[in-house]
Amino acid sequence: MNQVPERLLRVCLPACILGVAILLIAAAGCTNVTTPTGGDSISGSVAGDYAGGTIYIAAIDAAAYSASEIRVMEIGEHPERSQYVSGFAALDAPGEYVISGLPPGNYTVYAWADTDDNGRIDHLDYRDPTGWYCTPSHLTPVGVAVTPENAATGVDITLVAPTPYPDDDREIAVGSGGGRLTVQKGCHVLQVWGTPEERAYAYGYLCGPQIRDWIDYVLIESFMQSPVEYEDLFIPYIEEHMAPANPKYMAELDAMLAGMNAGGTDLYIPSLSRNLTRYDLLAENTYDFMLYYKLYGLRMGDLGINLATTGDAGVSPHLCTSAIAWGNLTANEELAGGVIHGKNMDGENDLRKVTVNSLLVIATDPGPGAKRTVGIDWPGFIGTFNGMNEDGLVLVPHSSPSIPDWNATDLVPTNFLFMDALRSESDVAGAWAYWEKANGTRTGGNNAGVSAPYGNGTGSIPAAFETDSYGGAVRGPGVVEPDDCLLIANNFYLYRGVYPSAVERVDGYHAEVRPEDYRYRNLLALLDGYRKEERTIGTPEMIALMQSASVSEEYRGTTEYTFIAYPDAGAFAVAKEDLAAVILDAPFAEFARFEFEEVFERPSTV
């Protein structure tokens, strides 16, 4: 750990909360208009990926609806006629468009190609390309002003369809190792085995286009949004403060990049005017820290503010929720008192649905001397965020406000730390011991949800590892309600900070469950109902808990996937936002359950 108590402090902006009600109503529209009619119009051109169908360009009132509410607009039929749209144009092919008859105001301009003209936006496997008006300096939607005097012209849009996974199984041998990309129970599964470099090369070879798209459309476009800030500030920062401390993983990233290149992946990123490098792969693996850097480090002043002198820094986005039950609460035929651990992954919602389409179950066999792991992750992750090992140890993350140690030059990405612990440890106590002795500085506040087989009381009691760059504490059940299971959201209830200012100035510690902790209170209310009914918790009850956290007053429509682990049984289940049935919150979609060993099975070569 670091010794200097003066840490840099930054402010983060409040998380946007998605609207949820959607009523389809008629909206003013125009079709194939080619000339502006005065100061009430938006005009420009549409180009890019196109495979047929009608192209719609919609003007959305930015004062009434945030760009994130496009997710809600899309769930109905004929979104161009929904309540969100003030006017639209329709084209038979890429070309010039005009939207006329608009009241003065500021508009988000969003477009899609309805490839099969079914009146919907089909995001599954990127069937319908999408795009929006933005600028080179800001890649998410940028408002377009319409005034009575001036029409908005030159509002050009590029439609994009990222690359889906291939339909067929693919496999590659790399030295004594290799990899296989397949589909099991509707989930894309990547199996890798061999040395670290062999696994990473195979990974890059098999998933190269998806890794490239995740970096382009999620990391840079959706998360960082500003190519200049990414290229001129964040990448140099991790080159100096993170890469030198992680040589083992940097070698893997080099091998992954080599595999991507060998597989024919186009590595060029237009917004950066260059090819991908090892540092872009590193940035993906520490995207959670990049968001801290953006929100704390760039939004208020330069990187030099001292915790002792700076005012309050606001709060960070509250995303992700876990519920863990065991013992008497799970004493039923299904679980026999064993652990069930549910986790909602919230907030990584890009408009192109890359985080949904590209979700991977990654089965890693490192060979003798390390434990096999399964991670529910995205292409390009060589660590893991939601992982389980062959002994049933489970680690999952939840962001929690604490100002990182910006001065540290030995920063370790959270998913690297998770993976290292899973490869070496078997229980909760072992994982915490590893946490305490691990080299390097953690990248800011995090609540790790940790569980392992309970074994009828002979195994591990689940815990939350409440940690930041400077220290941490292990929170078990009963520190705050409830007493008989463990709930985890996005603040500390036990750890107040080695340097309390790092936590206090971003409101990271709560002495009790607050009225505004809506997700946590939803979980408590449902648990109370189970107790009154003398009802134990199995899979249906855990799914209901995850659903209650997914649709609280705090936010809804943001849970891209849900992971349920069964440590005692050596099994897990996963559900993701259903792009076919248009279900925005994963726990309301269908779950696929796997035995741990199942995802390692490969066809016999005999």
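This section describes a strand and its partners, a helix pair, a loop arginine and the aromatic pairs of a predicted model.

Strand β16 spans residues 360-365. Five of its six residues are buried, so β16 is largely enclosed by the rest of the structure. Two strands pair with β16. Strand β11 (residues 187-193) runs parallel to β16 and is joined to it by five bridges. In this pairing, Trp 193 stands opposite Asp 365. Strand β17 (residues 373-377) is antiparallel to β16, again with five bridges.

Two packed helices are described by the angle between their axes and the distance between the axes. For helix α11 (residues 518-532) and helix α12 (residues 539-550), the angle is about 150° and the axes lie 8 Å apart. The crossing of α11 and α12 is right-handed. On the α11 side, the contact involves Arg 519, Asn 522, Leu 523, Leu 526, Leu 527 and Tyr 530. These meet Glu 541, Ala 544, Leu 545, Ser 548 and Ala 549 of α12. By class, seven residues of the contact are nonpolar, two are polar and two are charged.

Arg 514 sits in the loop between α10 (500-504) and α11. Its relative accessible area is 23%, so Arg 514 is partly exposed; the cut-off for buried is under 20%. Beyond its neighbours within four places in sequence, Arg 514 contacts Asp 507, Tyr 509 and Arg 521.

The structure holds 33 aromatic pairs. One of them, Tyr 249 with Phe 416, is stacked, with 3.9 Å centre to centre and 15° between the planes. Tyr 249 belongs to helix α4 (residues 247-262) and Phe 416 to helix α8 (residues 414-424), so the pair ties together parts 167 residues apart in sequence. Tyr 249 and Phe 416 are both buried.

Trp 435 and Phe 465 form an edge-to-face pair, at 5.2 Å centre to centre and 75° between the planes. Trp 435 lies in helix α9 (residues 428-437) and Phe 465 in strand β23 (residues 463-467), so this pair ties together parts that are 30 residues apart in sequence. Trp 435 counts as buried because its relative accessibility is 3%. Phe 465 is also buried, with a relative accessible area of 0%.

Ring pairs also build a cluster. Its members are Trp 214, Phe 223, Tyr 287, Trp 378, Phe 381, Phe 385 and Tyr 561.

Key: Residues are numbered from 1 along each chain as its sequence is written. This is a predicted model: local features need pLDDT of at least 70, side-chain atom pairs count only at pLDDT 80 or more; totals for chains, interfaces and linings use all residues. Side-chain values use heavy atoms; hydrogens and water are left out. Buried means under 20% relative accessible area, exposed over 50%, partly exposed in between (1.4 Å probe, protein chains only). Helices (H or I, at least four residues) and strands (E, at least two) are DSSP runs, numbered from the N terminus. Two strands pair if DSSP finds at least two bridges between them. Axes are lines fitted to C-alpha atoms, for helices over the stretch in contact, and angles run from 0 to 180 degrees between N-to-C directions. A crossing is left-handed if the near helix is turned anticlockwise from the far one by less than a right angle, and right-handed if clockwise. Contact means heavy atoms within 4.5 Å. Ala, Val, Leu, Ile, Met, Phe, Trp, Tyr, Cys and Pro count as nonpolar, Asp, Glu, Lys and Arg as charged, and the others, Gly among them, as polar. Rings of Phe, Tyr and Trp (its six-membered ring) pair if their centres lie within 6.5 Å; planes under 30 degrees apart count as stacked, over 60 as edge-to-face and the rest as tilted.
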